[in-house]
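The structure is shown first, and the notes follow.

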Amino acid sequence: MRVQRRGWRTALAVTLALGGAVAVPATTATAAPHQVRDDFNGDGYADLAVAAPDGTVAGRGKAGFVGVLYGSASGLKASTKRVFSQNTAGVPGGSEAGDRFGSALTAADLDRDGYTDLIVGVGGENGGAGLVQVVWGGARGLSGAASLASGAARDGLGAQGRLAVGDVDGDGATDLLTVVDQHDLVATGGPFTRSGSATGERQVVKDRYDSRVLDLDVGDLNGDGITDVVAAQTGTDTFDSRRIAYWWGTKDGLMPWTLVWDIDGAQLQGGENLAVGDVNRDGYADIVVGRTVEGYDSDTDTYLAKGGRVTWIPGTSGAPDGASAQFVNQDSPSVPGTAEKGDGFGTDVQLADVDGDGYLDVVTGVPGEDLGPMTAPNSVKDAGAVVVLSGRADGLTGVGSHEVVTQDTPGVPGATEKGDVFGKAVHVGDANGDGLADVAVGAPGENSGAGSVWSFRSRGEYVVSPGGLPIPATVLGPDGTLTFGHTLLGTTAANARLGSYFAN
């Protein structure tokens, strides 16, 4: 895409001057319910956990580590940084080459003590069998740990996209969701004891299509009050085949029912990653899918998802409504930029109310974005960007979308460089407790693969037009932006790729 990084802001200022619109804080809108999910120390502020699974620990390559910063009234505080690995006191095992501690991250209160715990995938443990561990939350933050589940052979337990948590049987306890042999879903019933033992039952749901799971998330798709599970999958026919599967949560656990959308010309609905949440506020969780593998239709000589795409599939009282799916890419009206091959739009998708209008917005990475000065656009390959798409009562149409943020955005620390892949991972969480979700961005390619992280404070401003309609303006301000890397964490930088994954 070719980004007019300053031009869109100038146009907005002209609109305000000529049209009489005024900028107001989003706190005047009806805000969505304020929830802090990743609060490890229980102080009411969202914390940030970011992984470097390729990081070197004690000289052991790709042993992996996770950095944590705690939130506060002023946002994430660098002075609170912690680093966890399998060499950390209290964490079972020891760091070994290839373990990839942090290959997946998520967060939930597993032992029902009121504090959020950090769940860590160790996808390379024991030659690729895999392992899932937990670092316990508490009033003083994260400390102590246990192993929750271990894989066999080359299960890759705890690998990227194959770890989630949710109450799938409605008993009030958080269950652990993993994938074995790349396609079978396992639900282990909570709560968990401090030794890591599950007190609930273990359920294995076979996938009837033998598809490989690429990503997992949870939400109440049909509004019955019980969490359902959604998976982005790839088929075995062709390299770019994609489908979406879901399993209903019931009081007896997961119902083994799978919904599949096959590739069908331009109605390509699957993808590599997903997020689940009620975007249009109708009481049913929706499925938001990011697809970066573009696909190619040889009959029409066109890309089916040029530059990447985000798909919104609404939930209903019956089932997710694939017939009403909406597709958004960088050629959609109001979406910043231009769709170009290799952009990677939709690489990571996360849902949160960033602008404070009461609707969940979609934050998505575009790590393959080529940038550069106006005199040489696209000269810096794979510099990367992040786009905020506005959620609305009519779904995710692209209308009202907010902005694009890069390292060239005025006031943002750093500068775009080839291969930074800024936006490879994104995180949303209210780090300063103002009711707006702040956005963290990972650039694992920064500094020749060392990796770095940016945290943007959400400003939650929108513009009221003369007709009284809210038009989102700048919501991610460079003021208050925190960027950090290995210097702060005290970790080995070489080839660590910090910022590969966040705990979302």
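## Backbone geometry

A153 counts as exposed, at 66% relative accessibility; exposed means over 50% relative accessible area, buried under 20%, and partly exposed in between, with a 1.4 Å probe and protein chains only. The model is predicted: local features need pLDDT of at least 70 and side-chain atom pairs count only at pLDDT 80 or more, while totals for chains, interfaces and linings use all residues. Residues are numbered from 1 along each chain as its sequence is written, and side-chain values use heavy atoms, with hydrogens and water left out.

A153 sits in the loop between β8 (145-150) and β9 (163-166). Helices (H or I, at least four residues) and strands (E, at least two) are DSSP runs, numbered from the N terminus. The phi of A153 is near 45°, a positive value in a residue other than glycine. N447, which is not a glycine either, has a positive phi of about 55°; N447 belongs to helix α3 (residues 446-449). Most residues other than glycine have a negative phi, and most peptide bonds are trans. The bond that joins G190 and P191 is a cis peptide bond, with omega about 0°. P191 lies in the loop between β11 (184-188) and β12 (202-205).

R497 is placed in the loop between α4 (486-489) and β33 (501-502). With a relative accessible area of 30%, R497 is partly exposed.

Leaving aside residues up to four places away in sequence, R497 touches A51, A52, D54, V421, P444, G445, G449, A450 and G451, where contact means heavy atoms within 4.5 Å. A52 is 445 residues from R497 in sequence, yet the C-alpha to C-alpha distance between them is 5.6 Å.

## Cavities

The structure holds two cavities of 30 Å³ or more. A cavity is a set of points, on a 1 Å grid over the protein atoms alone, where a 1.4 Å probe fits but cannot get out; lining residues have an atom within 4 Å of a point. Points are joined across faces, edges and corners, and a volume is the space filled by probe spheres set on them.

The largest cavity contains about 60 Å³ of space. Its lining is formed by A46, D47, L48, L76, H427, G429, A431, D438, V439, A440 and S455. The elements giving two or more residues to this lining are β27 (425-429) and β28 (438-443), and β28 provides the largest share, three residues. The lining residues divide into six nonpolar, three polar and two charged; Ala, Val, Leu, Ile, Met, Phe, Trp, Tyr, Cys and Pro count as nonpolar, Asp, Glu, Lys and Arg as charged, and the others, Gly among them, as polar.

Methods: On a 1 Å grid over the protein atoms alone, a cavity is a set of points where a 1.4 Å probe fits but cannot get out, and a pocket is an open set with protein on both sides within 12 Å along at least five of seven lines; lining residues have an atom within 4 Å of a point.
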